[in-house]
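The following exercises are to be worked with the sequence and the model in view.

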Amino acid sequence: MVVNCVAYHTRDGRRIGDITLDAISDVLKEPDTFVWVGLHEPDESLLLKLQEEFDLHDLAIEDAQHAHQRTKIEAYGDSLFIVVQTAQLVNGNIAFGETHIFLGPRYLVTVRHGASLSYAPARRACEHTPDLLALGPSYGLYGVLDFIVDNLLPIVREFKEELQELEKDIFGDTFKRGTVRRLYDMQRDLMTLRLAVAPLQDIISQLVRMHPHLIQDELRAYFRDVYDHVFRVNESISAMREMLAAAININLSLVTFNQNEVMKKLAGWAAMLAAPTLITSWYGMNFHHMPELDKSWAYPAMICLVIGVVGGIFVWLKRSRWL
């Protein structure tokens, strides 16, 4: 459940080393240090241990124990509690998770639930710029948020590539239920993703403008960059959803058009069959005076009449593009 627990110097951003949870209070007694803890689906006892070490608020701990929280940012004294929705592409579908973040003047705690990648790459990227990491745990917060947002855009890009592959089925002559179902699933996943991403803009905006005791002025430009990335992801999701809706409508329209074309052809052939059926049915009425009974040419003439009527209907339907 404890992925990482690392102490850092704020004098030079240097990594002190891995520590145990019990050693957190001892490290924080030293000046110019902060602790970055990474957890994955911790139990109640572990969260209570962190609450004791960092003096976290009861309500924030209660929210962190349970997933399915909405995206939000809350201030508790001199600390922040942030909930961010995360996403991963699993077997062509989006799996959603959550990350709960505790930010204080001398600590950063990330709690991952559900589908979420490890933040080890974000931690390594921050450690490669010790001059910025020396500004404190807020730079680690930037690294985590930037990592989360950067992993969202490839999901939208993957859906766009899949949509291009589905275009052959979309514009095909036959209706494929699986294609429409896949388009609907993609649109549903993107709608859920948009609901997760849209509130993130407000959170980043607050970090850019507010909380001066936690966010240094030198880092506000970095959070503005994350805001731009979030805005780009949100716009890409909206555009992709419109493309999927258009693809579904086009597919259904083409299927309806093809069905109408088939019905027109069937109606045309039915009209051609109706003409000889009507004419020949007269001879089943058993009337005494029938054209071919006393004239030798009547029967061939009737055959020619039927052929002529059917041929005329065929030519007319061809010109009308029904056949």
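This is a predicted model: local features need pLDDT of at least 70, side-chain atom pairs count only at pLDDT 80 or more; totals for chains, interfaces and linings use all residues.

**Exercise 1. Carry out the corresponding analysis for D55: where is D55 found, and is D55 buried or exposed?**

Step 1. The loop between α2 (44-54) and α3 contains D55.

Step 2. D55 is not a glycine, yet its phi is positive, at about 60°.

Step 3. With a relative accessibility of 69%, D55 counts as exposed.

**Exercise 2. Describe how the two helices α2 and α3 pack.**

Step 1. The axes of α2 and α3 are 10 Å apart, and the packing angle is about 155°. Axes are lines fitted to C-alpha atoms, for helices over the stretch in contact, and angles run from 0 to 180 degrees between N-to-C directions.

Step 2. α2 and α3 are therefore roughly antiparallel to each other (angles under 35 degrees count as roughly parallel, over 145 as roughly antiparallel, 65 to 115 as roughly perpendicular and the rest as oblique).

Step 3. The crossing of α2 and α3 is right-handed. A crossing is left-handed if the near helix is turned anticlockwise from the far one by less than a right angle, and right-handed if clockwise.

Step 4. On the α2 side, the contact (heavy atoms within 4.5 Å) is made by E44, L47, L48 and Q51, and on the α3 side by D58, I61, A64 and Q65.

Step 5. These contact residues divide into four nonpolar, two polar and two charged. Ala, Val, Leu, Ile, Met, Phe, Trp, Tyr, Cys and Pro count as nonpolar, Asp, Glu, Lys and Arg as charged, and the others, Gly among them, as polar.

**Exercise 3. Determine how helix α7 (residues 153-170) and α8 are arranged.**

Step 1. The packing angle of α7 and α8 is about 160°, and their axes are 11 Å apart.

Step 2. α7 and α8 are therefore roughly antiparallel to each other.

Step 3. α7 and α8 form a left-handed crossing.

Step 4. Among the residues that make the contact are I155, F159 and L166 of α7 and L183, M186 and L190 of α8.

Step 5. The contact of α7 with α8 comprises ten nonpolar, one polar and four charged residues.

**Exercise 4. Characterise the crossing of helix α4 (residues 120-127) with helix α6 (residues 137-150), and check the span of α6.**

Step 1. The axes of α4 and α6 come within 9 Å and cross at roughly 135°.

Step 2. α4 and α6 are therefore oblique to each other.

Step 3. The crossing in which α4 passes α6 is right-handed. P121, A122 and C126 of α4 meet Y139, G140, G143, V144 and F147 of α6 in this contact, and the residues divide into six nonpolar, two polar and no charged.

Step 4. The expected span of a helix is 1.5 Å times one less than its number of residues. For the 14 residues of α6 this should be 20 Å, which agrees with end C-alpha atoms that are 20 Å apart.

Step 5. Of the 14 residues of α6, 13 are buried, so that this helix is mostly covered.

**Exercise 5. State where V197 is placed, whether V197 is buried or exposed, and which residues V197 touches.**

Step 1. V197 belongs to helix α8 (residues 177-209).

Step 2. V197 has 2% relative accessibility and therefore counts as buried.

Step 3. Not counting residues up to four places away in sequence, V197 touches L152, V230, V233, N234 and I237. V197 and L152 are 45 residues apart in sequence, and their C-alpha atoms are 8.9 Å apart in space.

Terms used: Residues are numbered from 1 along each chain as its sequence is written. Side-chain values use heavy atoms; hydrogens and water are left out. Helices (H or I, at least four residues) and strands (E, at least two) are DSSP runs, numbered from the N terminus. Buried means under 20% relative accessible area, exposed over 50%, partly exposed in between (1.4 Å probe, protein chains only).
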